[in-house]
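Colleague: I have a model open and would like to go through it with you. Can we begin with how you sort residue types?

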Amino acid sequence: MPFEQAGIYMIKEVFYMEEQLKQLEQEALAKIEAAANLKELNDVRVAYLGKKGPITDLLKGMGKLSAEERPKMGALVNTVRENVTAVLETKATVLEEAAIAEKLASESIDVTLPGRAIKVGNRHPLTRVIEEIEDLFVGMGYEIAEGPEVEKDYYNFEALNLPKGHPARDMQDSFYISEEILLRTHTSPVQARTMEAKKGESIRIICPGKVFRRDNDDATHSHQFMQIEGLVIGENIRMSDLKGTLDTLAKKMFGADREIRLRPSFFPFTEPSVEMDISCFKCGGAGCNVCKGTGWIEILGAGMVHPNVLEMAGYDPKKVSGFAFGIGAERIAMLKYGVDDIRHFYTSDTRFLSQFERTEA
Ligand code: DAH
């Protein structure tokens, strides 16, 4: 082909490609403009800028051009591509924002809905009673003592002046592991154990713990329950000390205007023995359903430590004396919180337990 002819051919070719390019650009821009959503926009991107698209085709066709024309044409193709890409991206941003706005409008959140509360546990009512009593006595200089729940007959009975065959044992039938070992029926054995361990020193202890009785469960009886034992031993400990201590306890647990009343009673390990009543916290003494019309509520057993008990544990009853008391934790909790069935304490029903929740400030 003569040189001139070849030149004309090439000019034609370039002209043709430029025309095509302009047309493609117009088309692409019109389709971008028309795209109603991101999916449609992406289809336009693939159709015009993709590897199989017409712009790529045009680039491939540049091989036919002269070395002079090729870069010019290349630059032109790039400009078109950049322009289309830029317009496409702007449109994508617009459509994305529209999509988000639409989503927000259709999925509006009801901020007035209550959140899901995380359930937090709270202290068991018996734990609360025990801790309150512990706090009171620790404040008065008592130590907290503990003893085994599986106990020797000796500490549970004998060391407390209840020899084998003593009729008072019948009131506290237990679960026996063997002739000599049983589940303790009260926290009083901790008295004997502590005295043995302290070897004649003075004592001020409070002892909370589980106890067991061979009882049939009903609204007021349970084969397992909790007691809090108190013991004070020292020189010149008197009945008036016991009375003052119990008065403080009654006022702390049931209100500052409570009065106490001591009635004579019998426990083999105390002499004299008493039972303590408090003036009814509901009616103030006039008589109501809580105090069964008497104006008084029985709370605990107590007394002056029996000389035999002191002696068996190595204390000289001529030199020292002491007082002791035993409180039923369930009874205190039932009275204090108006619980009508002892079994509520052991069934782990959260509807019951959650009533004792306390918000701490
Ligand atoms: N241990 C007695 C019981 O379970 C309660 C008791 C009474 C304890 C008098 C004492 C006391 O320390 O002095 O029935």
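Modeller: Ala, Val, Leu, Ile, Met, Phe, Trp, Tyr, Cys and Pro count as nonpolar, Asp, Glu, Lys and Arg as charged, and the others, Gly among them, as polar. Note that this is a predicted model.

Colleague: Using those classes, how many nonpolar, polar and charged residues are in the shell around the ligand?

Modeller: The shell has 4 nonpolar, 6 polar and 1 charged residues.

Colleague: Which residues surround the ligand?

Modeller: His186, Ser188, Glu229, Phe267, Thr270, Gly301, Ala302, Gly303, Ala324, Phe325 and Gly326. Two or more residues of that shell come from each of β8 and β9.

Colleague: What does β5 do relative to β9, parallel or antiparallel?

Modeller: Antiparallel: strand β5, residues 224-234, is joined to β9 by 8 bridges. Across that pairing, Val232 stands opposite Phe323 of β9.

Colleague: And how many bridges link β8 with β9?

Modeller: There are 5, again in the antiparallel sense, with β8 covering residues 296-305. Gly301 stands opposite Gly326 in β9, and both Gly301 and Gly326 belong to the ligand shell.

Colleague: What is the strand order of the whole sheet?

Modeller: The order is β1-β4-β5-β9-β8-β7-β6, an open sheet of 7 strands with mixed pairing. At the edges are β1 (143-144) and β6 (260-265), each of which pairs on one side only.

Colleague: Switching to annotations. Which one covers Glu271?

Modeller: The unreviewed UniProt entry has a "binding site" annotation that covers Glu271. Glu271 lies in strand β7, residues 270-279.

Colleague: Why does Glu271 count as partly exposed?

Modeller: Glu271 has 15 C-beta neighbours inside 10 Å, so it counts as partly exposed. The cut-offs are 20 or more for buried and 12 or fewer for exposed.

Colleague: What does Glu271 touch?

Modeller: Leaving out residues up to four places away in sequence, Glu271 touches Gly303, Met304 and His306. Gly303 is also one of the residues around the ligand.

Colleague: Which residues does the UniProt domain annotation cover?

Modeller: In the unreviewed entry, "domain: Aminoacyl-transfer RNA synthetases class-II family profile" covers residues 127-335. That stretch is 27% helix and 30% strand, and its end C-alpha atoms are 15 Å apart.

Colleague: How is the protein divided into domains?

Modeller: Into domain 1 (3-106) and domain 2 (125-356). Taken over C-alpha atoms, the centres of domain 1 and domain 2 are separated by 95 Å.

Colleague: Let me pick a residue from the other end. Where does Leu88 lie, and is it buried or exposed?

Modeller: Leu88 lies in helix α4, residues 69-106. Leu88 is buried, with 21 other C-beta atoms within 10 Å.

Colleague: Which residues does Leu88 touch?

Modeller: Ile32, Leu41, Val44 and Arg45, again not counting residues up to four places away in sequence. Leu88 and Gln26 are 62 residues apart in sequence, while their C-alpha atoms are 13 Å apart in space.

Conventions. Residues numbered from 1 in each chain as written. Predicted model: local features only at pLDDT ≥ 70, side-chain atom pairs only at ≥ 80, totals over all residues. Pairing = 2+ DSSP bridges. Helix = DSSP H or I, 4+ residues; strand = E, 2+ residues; numbered from the N terminus. UniProt positions renumbered as here; feature names shortened; annotations may be inferred. Contact = placed C-beta atoms within 7 Å. Near = placed C-beta within 6 Å. Domains from an automatic or database assignment.
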